[in-house]
Amino acid sequence: MRSSRHRGRSQVGLLAVIALIAAACSASSSTAPSAPAGGGSSPSAAASAAAGTKHVSIVNKDMTDDQIKAAVAAEGSLVVANWTYTANDELVKQFKAYVKTTYGADIQFTYEGSQAPSAYLTKIYAAQTGGNPSPYDVMAVEENYWSDAMSHNAVDNYLPSDLVPNQKLVLDMFQHVPTSIAFQSTAFPAVVFEQSKAPFLKKLMDLSNPALKGKITLPAAGDITAGGFLMGLAAELGKDYKDPAQMKEVVDWMAQNISPNVLKYTSDSSEMQQLLRSGAADAVTFWNSLARLEYFSGKNNDATLLLPTSIYPVNGYLWIPKGAQHPVLAQIFINWRLAPDVQFPNSWPIDHSPWSELSEGFLGPSYTDLVPDWLKSDYSKYYPTLDQIKTQFKQVDWDAYNTGVKEWMDYYSQKTGQG
């Protein structure tokens with residue numbers, strides 16, 4: 001997922017794009033390489049498109065391939081909000097090359113990263129209130145932020161779309177049609193620890209062991225990392241995360257039993273990596289991807305993943321804010337991000353560690369045969385099977401979470417001296 005978690009905006013407006021689309025009138029039949037063979041989205045989308053065209057619901061147009069190419073050239077830019085992957089530069093390079101090869105256009109591509117995606121929502125809502133275009137074209141952040149944006153009427157409809165044929169590869173459980181689709185299936189906050197130094201760690205409550213005094217980190221208040229950790233702890237304590245009063249009881253237990261062992265409250269993965277590798281910390285609380293990132297880095301073969309007793313995935317979802325300035329490129333990026341050869345970037349010139357950040361589990365059966373040879377023997381140590389994904393992960397009630405989280409997150413901040 002996000003192993004650690006920057007900015008631009010084009011001034012080409014949607015009206016200009018639509019005008020150019022209307023002016024373009026020739027047809028061709030090039031198919032995007034990252035779309036599945038025989039692609040096309042859902043039957044309803046395909047049926048709505050005129051012969052020789054693709055239906056693009058977000059602009060309510062049936063577009064020929066040449067019209068799509070014209071729209072890509074007119075938009076000329078894309079801004080995606082995500083996390084700071086180690087392989088961000090390569091991801092940008094790969095997508096720009098894909099657009100050039102498929103649509104014949106050189107585009108500007110700003111890939112902004114943040115460890116606190118709530119800042120993205122603040123900017124989107126401010127633009128919305130001011131009647132301005134969205135500063136982002138695609139949001140690629142955790143599912144709870146999509147839920148919050150839905151409550152603010154800040155999310156556009158775009159599915160199904162013939163520009164997103166890879167939608168059909170993704171399990172229904174990872175889709176919120178018509179507004180969003182997951183690009184991860186197995187992302188969740190967990191504990192990454194040194195097996196040789198803390199072999200007694202079997203569940204989150206074990207972070208209270210006195211042997212860990214001054215040797216652990218917990219997430220900084222406010223971020224979903226802290227929320228996911230506290231939901232997992234609540235499950236172990238038999239508490240309901242949907243009830244703020246019970247979550248305050250969870251925080252009280254944590255403050256009394258785990259806080260004495262805390263070296264630092266942080267959600268900075270680089271800092272946690274440094275603390276683990278230097279021996280200053282024996283266990284850190286972050287996203288599960290950090291365990292494999294450390295292991296495959298070759299710098300910390302002792303890094304081990306502790307799974308919470310109950311796993312509440314906080315997967316990344318792809319959605320388009322209302323007022324996005326580049327809606328055609330936005331959908332092209334979403335389809336590309338879901339493509340099997342991007343979900344499993346085996347041909348990219350990146351090391352195993354950054355590869356393990358970008359690949360975050362199976363989105364559906366079409367992806368299961370793509371595990372590279374170098375990972376097959378260790379895959380089950382860091383990733384669940386498709387069957388486990390379908391049966392063992394608990395779905396989060398994000399409406400309930402977003403309704404109560406501020407109350408108990410503020411309490412967490414207060415009890416840990418962060419506020």
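Me: Is Asn-60 buried or exposed, and what is its relative accessible area?

Reply: In this predicted model, local features need pLDDT of at least 70 and side-chain atom pairs count only at pLDDT 80 or more, whereas totals for chains, interfaces and linings use all residues. Residues are numbered from 1 along each chain as its sequence is written, and side-chain values use heavy atoms, with hydrogens and water left out. Asn-60 is found in the loop between strand 1 (54–56) and strand 2 (61–63), where helices (H or I, at least four residues) and strands (E, at least two) are DSSP runs numbered from the N terminus. Given that buried means under 20% relative accessible area, exposed over 50% and partly exposed in between (1.4 Å probe, protein chains only), Asn-60 counts as exposed, with a value of 59%.

Me: What is the relative accessibility of Asn-153, another residue with a positive phi?

Reply: Most residues other than glycine have a negative phi, and most peptide bonds are trans. Asn-60 has a positive phi of about 55 degrees although it is not a glycine, and for Asn-153 a positive phi of about 55 degrees is likewise computed. Asn-153 lies in the loop between helix 6 and strand 6, where it counts as partly exposed, with a relative accessibility of 49%.

Me: Within what arc do the buried residues of helix 8 fall, seen down its axis?

Reply: Helix 8 (residues 244–257) has 14 residues and reaches 20 Å from its first C-alpha to its last, close to the expected 20 Å, a span defined as 1.5 Å times one less than the number of residues. Pro-244, Met-247, Val-250, Val-251, Met-254 and Ala-255 are buried in this helix. Their directions, taken from the helix axis to the C-beta atoms, show that the buried residues line one face of helix 8, because they fall within an arc of 135 degrees.

Me: Which residue caps the N-terminal end of helix 8?

Reply: The buried residues of helix 8 pack against strand 9 (216–218), helix 7 (224–236) and helix 17 (398–415), where contact means heavy atoms within 4.5 Å. At the N-terminal end of helix 8, a side-chain oxygen of the capping residue lies 3.0 Å from the backbone nitrogen of Ala-245. The residue that supplies this oxygen is Asp-243.

Me: What is the strand order of the open sheet with 5 strands?

Reply: Strand 10 (262–265) and strand 12 (303–306) stand at the edges of this sheet, each with a single partner strand, so one side of each is left without a neighbour in the sheet. Strand 9 and strand 11 (residues 283–287) pair in the parallel sense over 2 bridges, at least two DSSP bridges being required for two strands to pair, and Thr-217 has Val-284 as its bridge partner in strand 11. The pairing in the sheet is mixed, and the order of its strands is 10-9-11-8-12.

Me: How many bridges join strand 5 to strand 13?

Reply: Strand 5 (residues 138–142) is largely enclosed by the rest of the structure, because 5 of its 5 residues are buried. It pairs in the parallel sense with strand 3 (residues 77–82) over 2 bridges, and Ala-81 has Met-139 as its bridge partner in strand 5. Towards strand 13 (residues 316–319), the bridge partner of Glu-142 is Gly-316. Strand 5 and strand 13 run antiparallel, and the number of bridges that join them is 4.

Me: What distance separates the C-alpha atoms of Leu-212 and Asp-282?

Reply: Leu-212 is found in the loop between strand 8 and strand 9 and is buried, with a relative accessible area of 0%. Not counting residues up to four places away in sequence, Leu-212 touches several residues, including Phe-200, Leu-207, Asn-261 and Asp-282. Leu-212 and Asp-282 are 70 residues apart along the chain, and their C-alpha atoms are separated by 7.3 Å.

Conventions:
A polar contact is a pair of N or O atoms within 3.5 Å; within protein, one must be able to donate a hydrogen and the other to accept it, and residues adjacent in sequence count only if both atoms are side-chain atoms.
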